[in-house]
Amino acid sequence: MQSVAQAVERLDALAATDTVDVLARAFAAAGHELALVGGPVRDAFLGRPVTDLDFTTDARPDAVLAIVEPLASTTWDVGRQFGTIAAMVRGEQVEITTYRSDVYDGETRKPEVTFGDTIEDDLLRRDFTVNAMALRLPQRELVDVHGGVEDLLARRLATPQAARVSFRDDPLRMMRAARFTSQLGFTVSDDVRQALTDLADSIGNISAERVRDELVKLLDTGDPIAGIRLLVDSGIAELILPELPAMKLEIDEHHHHKDVYEHSLTVLTQAIGYEAERHPGEPPDTVLRLAALLHDIGKPATRKLEPGGAVSFHHHDLVGSKLAKKRLRALRFDNDTIASVSRLIELHLRFFGYTEGAWTDAAVRRYVRDAGDQLERLHELTRSDVTTRNRRKADRLGFAYDDLEARIAVLAEQEELDSMRPDLSGDDIMRILDIPPGRAVGEAYRFLLEARMDEGPLGPEDAEARLRTWWASRDVG
């Protein structure tokens, strides 16, 4: 955290920006209160970029709209029933919410929204004290009735109300605690930690879509490990991603092996590092991060104790791919994400055969073909999966993958691997063989694709000759 003096300077600068200033003057002229609230105030203290402008006011939604419309290029009132009006003012999107005092029914977890008259009551309903601070405008007066500044200084997450009350009201706040732990680098208070454990089961009352969105926000932080540990240690992960704590395999005195859970966290950390190294400035790659975290979830189901103290996990890549697909569907991820993550898990061991002997060009082509549009992610995941402390072994694997990527680059330049297809199209096959669309066309296409994989481009004439020979032998057979 910055010094208090620096925070005050940042808050003053934020209040003086064109968008904030014009809104502050407009609400004051209409006789209403206005304050910046939550994230913008917190991030000003932390020296983080302010990306959202959230305001709170005593004005009711209709009055807010009347004040804002003359200043805005666009307004949205889709959140009007919750007291929120959004608008585009001076090129910035803002959200302005009427003071609220939410009452939860304890069953549906949906609040009964009651508009309030004081900012103090509004701040009481916020999730954490560091998000329950406000800056009155235009006075630039800090409102902090729940010790948010003190908790910022202590880098601590605490709740304005008793944590059990807050989490019972909205159990998703427990996942937000995990996310903020990673996003802000904070630890949770003892009260919050105990409530997370005691109320973990209540996360089952939250829709899969809301859980998914919060999980993605956690994974997309710069360092999600602390938040993931909090979900696992509290028992929440058992409800939303049970395959994760299941990777904490017991280690018996005769069969020693790595802790798969700790290995997976290391792989995730390393994958985030490769993201930054290979694609600087790009948004977080959620697909890669999911694949890194879940790549070994098939190990508990395939664990076998071998004679002599060895432990095997045969086919854990295939089993893990199926488990990931099932879990991501349950969390309502989109089909593209599910397909990409499960494919990466299925392929994540493929490279390790490369170090056992030189691959032919055909094997390299198949690697590229099988990875498809996930090739770059597969590069990053495979490199991240090397967590051995044996420097010589790590270097050997790293150099081997450098070699594989170099060979892929050479073949791609020579043969257009990214768009690898047979030398003849389906239309060509039907014309040459004089057959209609059907299964035989697909079989012929796959035959030519295999030849392309084995030998590289054949050329139309050679491909046609091979096709006719294959077709004749097929007919004879």
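Reader: Let's start with S1. How many bridges join S1 to strand S8?
Author: There are 4 bridges between S1 and S8 (residues 134–137), and the two strands run antiparallel. Keep in mind that this is a predicted model.

Reader: Which residue in S8 is the bridge partner of alanine 35?
Author: Arginine 136 is the partner of alanine 35. Valine 37 has alanine 134 in S8 as its bridge partner.

Reader: And S2, how does S1 pair with that one, parallel or antiparallel?
Author: Antiparallel, over 3 bridges, with S2 covering residues 53–57. Leucine 34 stands opposite threonine 57 there.

Reader: Which way do the S1 side chains point?
Author: Leu34 and Leu36 point one way, while Ala35 and Val37 point the other way. All of these are buried.

Reader: OK, zoom out. What is the strand order in the sheet?
Author: The order is S3-S4-S5-S2-S1-S8-S9. That is an open sheet of 7 strands with mixed pairing.

Reader: Which strands stand at the edges?
Author: S3 (72–79) and S9 (141–143). Each has a single partner strand, so one side of each is left without a neighbour in the sheet.

Reader: What is the twist from one strand to the next?
Author: The twist averages 30°.

Reader: Which strands does helix H3 touch?
Author: H3 (residues 39–46) packs on the sheet and touches S1, S2, S8 and S9. Its direction makes about 55° with that of S1.

Reader: And where does helix H4 lie?
Author: H4 (residues 61–68) lies across S2, S3, S4 (84–89) and S5 (92–98). It runs at about 5° to S4.

Reader: New topic: H13. Which residues in H13 are buried?
Author: Val260, Tyr261, His263, Ser264, Leu265, Val267, Leu268, Ala271, Ile272 and Glu275.

Reader: What covers the buried residues of H13?
Author: Several helices do, including H10 (208–219), H11, H14 (286–294), H15 (299–302) and H19 (375–384).

Reader: What caps the N-terminal end of H13?
Author: Aspartate 259 does. One of its side-chain oxygens lies 2.9 Å from the backbone nitrogen of tyrosine 261.

Reader: What span should H13 have?
Author: At 1.5 Å a residue, its 19 residues should span 27 Å. The end C-alpha atoms are 26 Å apart, which agrees.

Reader: Now charges. How many salt bridges does the structure hold?
Author: It holds 37. Arginine 229 sits in H11 (residues 225–234) and glutamate 262 in H13 (residues 260–278), so the pair links distant parts of the chain, 33 residues apart.

Reader: Is arginine 229 buried or partly exposed?
Author: Partly exposed, because its relative accessibility is 31%. Glutamate 262 is partly exposed too, at 30%.

Reader: What does glutamate 243 meet in a salt bridge?
Author: Arginine 327, at 3.0 Å from N to O. Glutamate 243 is in the loop between H12 (237–240) and H13, and arginine 327 is in H16 (residues 316–330). They are 84 residues apart.

Reader: Why does glutamate 243 count as buried?
Author: Its relative accessibility is 14%, and buried means under 20%.

Reader: Which residue forms a salt bridge with aspartate 77?
Author: Arginine 80, with the closest N and O atoms 3.1 Å apart. Aspartate 77 counts as partly exposed at 36% relative accessibility, and arginine 80 as partly exposed at 28%.

Reader: Which residues are linked in a network of salt bridges?
Author: Arg278, Glu376, Arg383, Asp402 and Glu405.

Reader: Last bit, the whole chain. How many helices and strands are there?
Author: The chain has 23 helices and 13 strands. Its C-alpha trace spans about 90 × 60 × 45 Å along the principal axes.

Reader: And what share of the residues is buried?
Author: Buried residues make up 50% of the 477 in the chain.

How values were computed
Residues numbered from 1 in each chain as written. Predicted model: local features only at pLDDT ≥ 70, side-chain atom pairs only at ≥ 80, totals over all residues. Heavy atoms only, no water. Salt bridge = Lys/Arg side-chain N within 4 Å of Asp/Glu carboxyl O. Buried < 20%, exposed > 50% of the residue type's maximum accessible area, 1.4 Å probe, protein only. Expected span 1.5 Å × (residues − 1). Contact = heavy atoms within 4.5 Å. Polar contact = N/O pair within 3.5 Å; in protein donor to acceptor, adjacent residues only side chain to side chain. Pairing = 2+ DSSP bridges. Axes fitted to C-alpha atoms, helices over the stretch in contact; angles between N-to-C directions.
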